[in-house]
Amino acid sequence: MNNTIFELKNISKEYRTKVETIEILKNINFKLNQADFVSIQGKSGSGKTTLLNIIGLLDTPSTGEIKFDDKIINYSDEKIKNMIRNKKIGFVFQFHYLLNEFTALENVMLPALIDKKIDRKQLEIKAKELLDLVELGHRVSHKPLELSGGEKQRVAIARALVNEPNIILADEPTGNLDLETSETISKLFKKINEEKKQTIVIVTHSNELAELTKDKYKIEKGNLKKIWHL
């Protein structure tokens, strides 16, 4: 049985200036299966975030093919890309991007409220369960300004899970946190992968976080290389 969720085929990304063409990614081939837990590392400017943005349909490759659920993505179809980004991909960034005027519970619920037909009471129950999962069940009514940096990031992780996405994409999720809090967030990603069989891709400078993942990749000179597989 093919359990491939996502596939990049011969993906390249170039940026053209007036004087030169800069090749960021070179002929990348990459697959994600159900319950994969992947880290991608590399030097600053190596193309890690560009690759993550292409996976998340936030950026368009110069050449190559993207398949989601075995269907080729038409880069020009904004409606399809928006649907996939909202329903099938959860995003966690270095900065949490929570809305300060809303509680933790309301912030978790927000991505799902785009669906006007959703049962709000059931959504609230789900959001509370996700806050319990990230050990913030006691903070549902707190607003972001009343939370620590690590708690805000845990709310952001719960928010990324609310639409039950196929993939979670995390860009330097511990990059703005102290060492102890980073360790808590890293272990939380591992827990979510193991308990929920959630597919997760993390771009990180943290070797400690990368070592918790099942598959470790590195980008060098535009090439994606697998370092290990558990």
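**Cavity, pocket and helix packing**

The largest cavity has a volume of about 30 Å³. The structure described here is a predicted model, and the count comes to 1 cavity of 30 Å³ or more. Which residues line the largest cavity? Its lining consists of Leu 52, Asn 53, Phe 91, Val 92, Phe 93, Leu 169, Ala 170 and Asp 171. Helix α1 (48-55), strand β6 and strand β7 (167-171) each contribute at least two residues to this lining. The largest share, 3 residues, is supplied by β7. By class, the lining of the largest cavity comprises 6 nonpolar residues, 1 polar residue and 1 charged residue.

Attention may now pass from the cavity to the pocket. The largest pocket has a volume of about 280 Å³. It is lined by 16 residues, of which Arg 85, Asn 86, Ile 89, Phe 91 and Pro 111 are the closest to its centre. At least two lining residues come from each of α2 (78-87), β6 (89-92) and α5. The lining of the largest pocket divides into 11 nonpolar, 3 polar and 2 charged residues.

Two packed helices are described by the angle between their axes and the distance between the axes. Helix α5 (residues 149-161) packs with helix α6 (residues 179-196) at an angle of about 20°, and their axes lie 10 Å apart. Because angles under 35 degrees count as roughly parallel, α5 and α6 are roughly parallel to each other. Their crossing is right-handed. On the α5 side, the contact is made by Gly 150, Gln 153, Arg 154, Ile 157 and Leu 161, and on the α6 side by Thr 181, Ile 185, Leu 188, Phe 189 and Ile 192. This contact has 6 nonpolar, 3 polar and 1 charged residues.

How is α5 oriented relative to α4, parallel or oblique? The axes of helix α4 (residues 120-133) and α5 come within 9 Å and cross at roughly 135°. The two helices are therefore oblique to each other. The crossing of α4 and α5 is right-handed, as is that of α5 and α6. In this contact, Leu 130, Leu 131 and Leu 133 of α4 meet Val 155, Ala 158 and Leu 161 of α5. The residues of the contact are 6 nonpolar, with no polar and no charged residues. Leu 161 of α5 takes part in the contact with α4 and also in the contact with α6.

Key: Residues numbered from 1 in each chain as written. Predicted model: local features only at pLDDT ≥ 70, side-chain atom pairs only at ≥ 80, totals over all residues. Heavy atoms only, no water. Axes fitted to C-alpha atoms, helices over the stretch in contact; angles between N-to-C directions. Helix = DSSP H or I, 4+ residues; strand = E, 2+ residues; numbered from the N terminus. Parallel < 35°, antiparallel > 145°, perpendicular 65-115°, else oblique. Left-handed = near helix turned anticlockwise from the far one by under 90°. Contact = heavy atoms within 4.5 Å. Nonpolar A, V, L, I, M, F, W, Y, C, P; charged D, E, K, R; others polar. 1 Å grid on protein atoms, 1.4 Å probe; cavity = no way out; pocket = protein on both sides within 12 Å on 5 of 7 lines; lining within 4 Å. Points joined across faces, edges and corners; volume = space filled by probe spheres on them.
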